[in-house]
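Here is a quick tour of one protein chain, taken a region at a time. Have the structure open and follow along.

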Amino acid sequence: MPLTPAITDWPAQPLRDRVVIVTGGAQGVGRGIAQAVLGAGGSVMIADLDADAGRACLKDWALPERAAFQRADVASERSVQALVKATLKRFGRIDGLVNNAGIASAHGTPLAEMTLAEWQRRLSSLHGAFLCSKHALPALRAQVGGSIINIASTRAWQSEPDSEAYAAAKGGLVAFTHALAISSGPDVRVNSISPGWITTDAWQAPARRRTPKLSRRDHAQHAVGRVGQPEDIGALAVFLLSDLSGFITGQDHIVDGGMSRTMIYAE
């Protein structure tokens, strides 16, 4: 290395020529990530159970050369295998995988009343991350700088009543992240993002889109002065998928506007 390092230009489109799979990518945080990938110059395969929402994304984006949709159930190994195969057929490569699909609500049945079937269903995001990573890894290893992002939650670190299954799934994703980072390095980096309060009302399928109803108090609970948006998660995802984060792996990144760092006293 020279004694005086040269100035390094930052790429204007850090994901140009990259292909990224985003599961649960047709709505909510997943759609925010998918749109961020497109904005950063990448191509995206969105995978979602909601075919109407997926088709709406493609219509809204109007980028047929860089955006595609595959209906997929990440809890089904056969469906995941078909997703990976379809992505390779459509784009010829896979550079990034965002494991976002799963049950969105943290609130569930009290533990004493929860059936094993519901417990297992609420762990679907963890199962999906396993299956998608397993089947995408060979293609990711074939590219220089492959990257996986697991979408966890601040619920991996703090909880409300009756959220044991959701917390277990998200906490499991954080642990799965650092374990997989060690197993898949140096070819593939693996990180997780733990979003806090992200309002997704306007990021749903057209029939379900709503204007968010947020109070001044809702915003005031955040050190940055506002509730989060899917774009906030998308911006970090682009960074973690790109070479800009080439020295970062095995880490969980909390994106919550400072909410989990705020001390709250009961009135």
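Let's begin with Cys132: its relative accessibility is 2%, so it counts as buried. Keep in mind that this is a predicted model. Cys57 is buried as well, because its relative accessibility is 0%.

How many disulfides does the count come to? The answer is 0. A disulfide needs two cysteine sulfur atoms within 2.5 Å, and the sulfur of Cys57 lies 17 Å from the closest cysteine sulfur, that of Cys132, so the pair is too far apart for a bond. Looking from the other end, Cys132 is in no disulfide either, with the sulfur of Cys57 as its nearest cysteine sulfur.

## Helix H6

Helix H6 runs over residues 164-184, which makes 21 residues. From first C-alpha to last, H6 reaches 29 Å, close to the 30 Å expected at 1.5 Å a residue.

Which residues of H6 are buried? Going along the helix, they are Ala165, Tyr166, Ala167, Ala169, Lys170, Gly172, Leu173, Val174, Thr177, Leu180, Ala181 and Ser184. As for what they pack against, the helices are H4 (116-122) and H5 (124-141), and the strands are E5 (146-151), E6 (188-195) and E7 (252-255).

## Ser192 in strand E6

Strand E6 is where you'll find Ser192. This serine has a relative accessible area of 0%, so it is buried. Its side chain makes a polar contact of 2.7 Å with the side chain of Asp252.

Setting aside neighbours within four places in sequence, Ser192 is in contact with Val174 and Thr177, and also with Asn150, Gln251, Asp252 and His253.

## The nonpolar cores

The largest nonpolar core has 32 residues, and the ones touching the most other members are Ile33, Val44, Trp61, Val98, Ile149 and Ile193. Strands E1 (19-23), E2 (43-48), E3 (67-71) and E5 each give two or more residues to this core, as do helices H1 (28-39), H2 (51-61) and H8 (230-241).

Take Ile149 as a closer look. Not counting residues up to four places away in sequence, Ile149 touches Leu97, Val98, Asn99, Asn191, Ile193, Ala237, Leu240 and Leu241. There is also a second, separate core of 25 residues, including Ala72, Leu131, Leu140 and Val190.

Definitions and conventions
Residues numbered from 1 in each chain as written. Predicted model: local features only at pLDDT ≥ 70, side-chain atom pairs only at ≥ 80, totals over all residues. Heavy atoms only, no water. Helix = DSSP H or I, 4+ residues; strand = E, 2+ residues; numbered from the N terminus. Expected span 1.5 Å × (residues − 1). Buried < 20%, exposed > 50% of the residue type's maximum accessible area, 1.4 Å probe, protein only. Contact = heavy atoms within 4.5 Å. Polar contact = N/O pair within 3.5 Å; in protein donor to acceptor, adjacent residues only side chain to side chain. Core = buried A, V, L, I, M, F, W, Y, C linked by side-chain atoms within 4.5 Å.
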